[in-house]
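Good morning, and thank you for making time for this presentation. Please keep the sequence and the model in view while I speak.

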Amino acid sequence: MGTVITAPITYVSGLVSAALLKFLFWSKWVFSRIYIETKKKSTPKRVGVYDKKAFSDPEKIGFIVPENEFHLESPCPESHLKSGEDEVFCYGVNSKSEYLSVSISRRSDQKADACIYLKLASGKTYHLQKTDHFQKSCSDKNVFSCGDLQMSYTCPMRRWRIFYSGYLRETNGDDSEMERIVYVKSVFWWKAASNIFDSTLDINSKSLAGGLSKVNWKSSYPQLEKLKCALNFYVQSGTLHGTVAVDGEQDEQEIYLFGQRIRNLGETSFLENSELDHMLGYVHQNGAYIYLTKASLSNVVKDLCFGCVVQPDCALKSAKKTEIIITESEDVTFVKSTFQNECSYKLSGSFSSPVLQIYNKRDGVATSFSLFGFNVNEKKGTGVHIKRHITEISKKEIPEVTIEKSSLTALPLVVFFTDELCQDPELTGGKGSSLGRLTHLSRDLQTFIVPKGIVVTTTAYQHFVTEEILAKIKVLEDVLYGNTEGDVKAMCESLCEEFEKTEFSEETNEAIEMCLKGMFENNLDCLKFAVRSSATGEDTEQMSAAGQMDTFLGISGISEILHSVKKCWASQFGTTAIHYKRRYGQCLNSPMAVVIQEMIACDVAGVLFTCDPLTGNPTIMTITANYGLGESVVSGTEEPDTIELQRDPEDHLRVKNTVIGAKSRKIIVKEGEGTVLENVSENEKTSCCLSEDMIMRLGQLGIEVEKYCRSHRDIEWGFWNNNLYLFQSRPVTSGMNETIFEIDHEFDCPLRVEKDFSSTCNIGEVMPGAITPFGLEYMAKMFSIAMHAEKTAWVPPVYSRYFFLGWMMAYNHAMFLVTDMFRGQKPGDLHYFAQATMLAFFGRIIDDEEIFQICEDRYGDTKPEFSLLSLLRVLWINQKRLQKEQKAYAKYRIQVEKFKTSKELFDHLLQNCCSVLNAYSPNMLTSQASMVWNLFVFTILGKARRGFSNEVYSDLAYLLKTSCDVESADVPSAMQSLAFQISEAINVDEFKHMSVEEALHWLQNTPSAAGKKFREFLEKHGHRCLKEFDVYSIPWASDPKPLVKLLQNMAGNVSKDFTKAGSKNFNEILSNLSLSLGFFSRSMLKFLLPLSHRAVRNRE
């Protein structure tokens, strides 16, 4: 009986409880939704500064990169790393089953985690997993590094460079027994192909409210701010294009991949007991990108599903009503998802077993990477799945590394190697700071010796430089940069003499003498010293400057040491050093310190490279050695012994190769002052000057120095009485330089599918051949902004500041994307106007089914927006706009004389680089108008002929030529006329054999008709030149030499004067056509032809 009574009560109470829970959930949901929308309205977008109508603001228009994008993409400061993440992840896939996943996650204490997964079409895979590995020392603020892996942006949000040179673990498909360690060098460009999806602002509000409402709230409002801090990342689609070279394989492989990049800045303190599933994929058929995430954070959010789709037309849409179900089984994990934006998506797929697994014990973060295969709306895609499980976050306090900076007034004139201040490169220069660090390391390791010494600091240099020296430096700068005429070599010699005759101040003189006597006491006059330059910026990753300044060896006595210090300072103004600085964009008068170091009369000495000095291969260490002092090796005066060491991933060494050099002479210290060359005995010539024990000691020490300095090193060393001495350690500056492949492809636009179609079409007429990188990017940005501002019919409607649509750049050539220009068209249903457009752009009717299939996959049936008003605007209103801008730009000039320095001028140019943008918009309009009127004429001729034959081409060309004052037609005819007049005025052979300068002088001064025509030509067409759309090209008026060269080639090859004949009347023109026209066609042409001629003139 009791059961009968309690069962209904239990059932009813269950219903009431469920109803209450549902009511509570929806109450929280409604409140969360309101709270989220309120926060979104008050929170500015972190990359929301763009406005495509802000022509006067280069940042807002997207012409130059805003400062906040540099900040977002750059490595975070150490203070952020105490509780936050600083990670860059990239992946890419293609239809050949090639994969690349690469990431660097920076930690505190200059440590980082890194992973690489690379799968080639052959089925071979390559892995790297590093945790708590060292970050390379680098002065560039755009570089993420972990060991031999480096990721750096060259343009934030737009271009990244991914470089690796080192060992990877190779497996052959599924055969794990075929595993081996191989050296791999790879370099990739990552290029943006979408806008960014920002997880802090772009998650769908309804989905976000649902996830926040599923957890118990510890306060009266949802933990939205905690969620934003924890999920502080953004995702951007892009392509990876690069090369992979595997040791032992003959050819490097070129790879093109499609994928996404994640920039993660999340606060780890809010991620404790959390699970995150990132699913990133690419659809091969239509070029769509999928990004989905399922996140659960303890007491913050549960089963939050969100993501985005980058549609085939490149529009990024946030996913709505997202559901993700992940089902795990023994062998495989399945995933199903539904989501919406403008259409509904159904996705089903599976994850492979993890190909990489990383567990960082310190932070309690377990990350696994799996391959992701899926189908979405019956289209196949591939990608990666990243699963992160974070347990207990370490609460261990990490001490903040702080470097005390002395105030400028306290900076000393001289420091010892043992002083902490000696490690400051701004005070002691590259060489001096390196010796300070080596001295510190030698105390810890006790395996090598740094000879004692001092550094005369940059402060002493600044005290030494007089007004007379500064005046001569200014004159040298003017001569070197062409502001005034003069002999650079003579100026350098005069400046060096001024240095040597200038006296030290009493304070500096006393400081050097006291420090040397305090260190060496009564032995000072008995010892020999090396006096070396140590300039700021010298011996860095960017610039070695090895051998550019003078070194003085075997110096003894305080007076000689002081004189050598002055000569060191003077040597930075030697002719060789000056040209080296100019080449690297360095300041001529850079602060310079001088190292004074006890000389060691080495038995054998040389140089050690901890990586291959030519290729940067870190698996090879190279030792070059000779008897005596190392100067014979450093200067290259003698052929040394060369020993190559093979280095495995565990830093075990073995001798790989030994080449015995000629070693005919050695440098030794003289009994008196200086050094002397001495012949090497025959017995020593034929044997290696290093024993195997010496070689291994050097190799192991090189590894220690490399780890301490966190970069590959170029080390000068010596042995004396079996003691190992180090004299110098600088970064290896080669090996990571850009490859030819990178230079060729840096400015390539990203493809959207593996097989796309582009054409130079009519661009090739005005931009023949390759364009300079500066000219290419400037022109592409200008035209892209203008095209979208004017809503040009042939450009896709999607606009992005991160990449170009409609345009295509490859190998520094400009092209149009065919598939973007004819969206909504069908190959069997092309009206005459569409056919005429194709002929105008590409010179033929396009009927390739594959092209139109890509158009359909990308845009569906969407056709370009077209209205009568926009057509009238293009055809009629552009005339007024053109006149307005002609008037505005008639006296346009940059007043360079008001800027005192190059920096001021550069800053002005940067902030005013859009000042000519208003000229590009009427250029777009007039070009469109010219094209439309010509298309009308073309269509009438084609309809009369019932097709576009060669005769139609010929007739159109003839009709366009009948226009007067068309500059593009006038330039070649004027040049031919000019070449004919030259042939009449002077012997052709004599003119051809003149130097360009002689021919130019003759044309500028001859009273003949040829000279008159040449001067008239420059007056009218001097703003033109070859490749004139390249802003880097110099117009003929500024530099007529290229024009003169053309005239020298043309002279004698023109048989008549091509002076343009007067215009013909309309009936005469039509009578010369190859086909007869009906009344209606003739009437239409009579109306259209003058308009077409005017449009061409306006365009020109």
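This is a predicted model: local features need pLDDT of at least 70, side-chain atom pairs count only at pLDDT 80 or more; totals for chains, interfaces and linings use all residues.

Helices (H or I, at least four residues) and strands (E, at least two) are DSSP runs, numbered from the N terminus, and two strands pair if DSSP finds at least two bridges between them. Within this pair, threonine 622 has glutamate 644 in E28 as its bridge partner.

Residues are numbered from 1 along each chain as its sequence is written, and side-chain values use heavy atoms, with hydrogens and water left out.

E28 (residues 641-647) also pairs with strand E29 (residues 653-659), antiparallel, through six bridges. There, arginine 647 has leucine 653 in E29 as its bridge partner. The two strands form a hairpin with five residues between them, and aspartate 651 in the turn has a positive phi of about 65 degrees.

These strands belong to an open, antiparallel sheet of six, in the order E29-E28-E27-E26-E32-E33. Its edge strands are E29 and strand E33 (723-731), each of which pairs on one side only. From one strand to the next, the twist averages 20 degrees; axes here are lines fitted to C-alpha atoms, for helices over the stretch in contact, and angles run from 0 to 180 degrees between N-to-C directions. Helix H15 (residues 692-709) packs on this sheet, touching strand E26 (604-609), E27, E28, E29, strand E32 (713-720) and E33, and its direction makes about 140 degrees with that of E32. Contact means heavy atoms within 4.5 Å.

Which domains is the protein divided into? They are domain 1 (74-390), domain 2 (420-542 + 558-598), domain 3 (604-731), domain 4 (756-866) and domain 5 (965-1060), with bounds from an automatic or database domain assignment. The C-alpha centres of domain 3 and domain 4 are 58 Å apart. The protein has 32 helices and 36 strands, and its C-alpha atoms fill a box of roughly 130 × 115 × 55 Å along the principal axes. Of its 1100 residues, 52% count as buried, where buried means under 20% relative accessible area, exposed over 50%, and partly exposed in between (1.4 Å probe, protein chains only).

A second open sheet has five strands, paired antiparallel in the order E21-E22-E25-E23-E24. Strand E21 (414-416) and strand E24 (551-555) are at its edges with a single partner strand each, so one side of each has no neighbour in the sheet. Even so, four of the five residues of E24 are buried, so this strand is largely enclosed by the rest of the structure. E23 and E24 pair over three bridges, and valine 531 has phenylalanine 552 in E24 as its bridge partner. Seven bridges join strand E23 (residues 529-535) to strand E25 (residues 592-598), with alanine 530 opposite glutamine 597 in E25. Helix H6 (residues 425-445) lies across E21, strand E22 (453-456), E23 and E25, at about 130 degrees to E23.

How many residues does the largest nonpolar core have? It has 94, and those with the most contacts inside it are Phe63, Leu227, Leu231, Leu280 and Leu297. A nonpolar core is a set of buried Ala, Val, Leu, Ile, Met, Phe, Trp, Tyr and Cys residues joined through side-chain atoms within 4.5 Å. Helix H18 (residues 773-789) contributes its largest share, nine residues. Domain 1 and domain 4 both give residues to this core, so it lies between them.

Finally, is histidine 284 buried or exposed? At 18% relative accessibility, histidine 284 counts as buried. This residue is found in the loop between strand E11 (274-283) and strand E12 (289-297). Its C-alpha atom is separated by 6.6 Å from that of serine 95, 189 residues apart along the chain.
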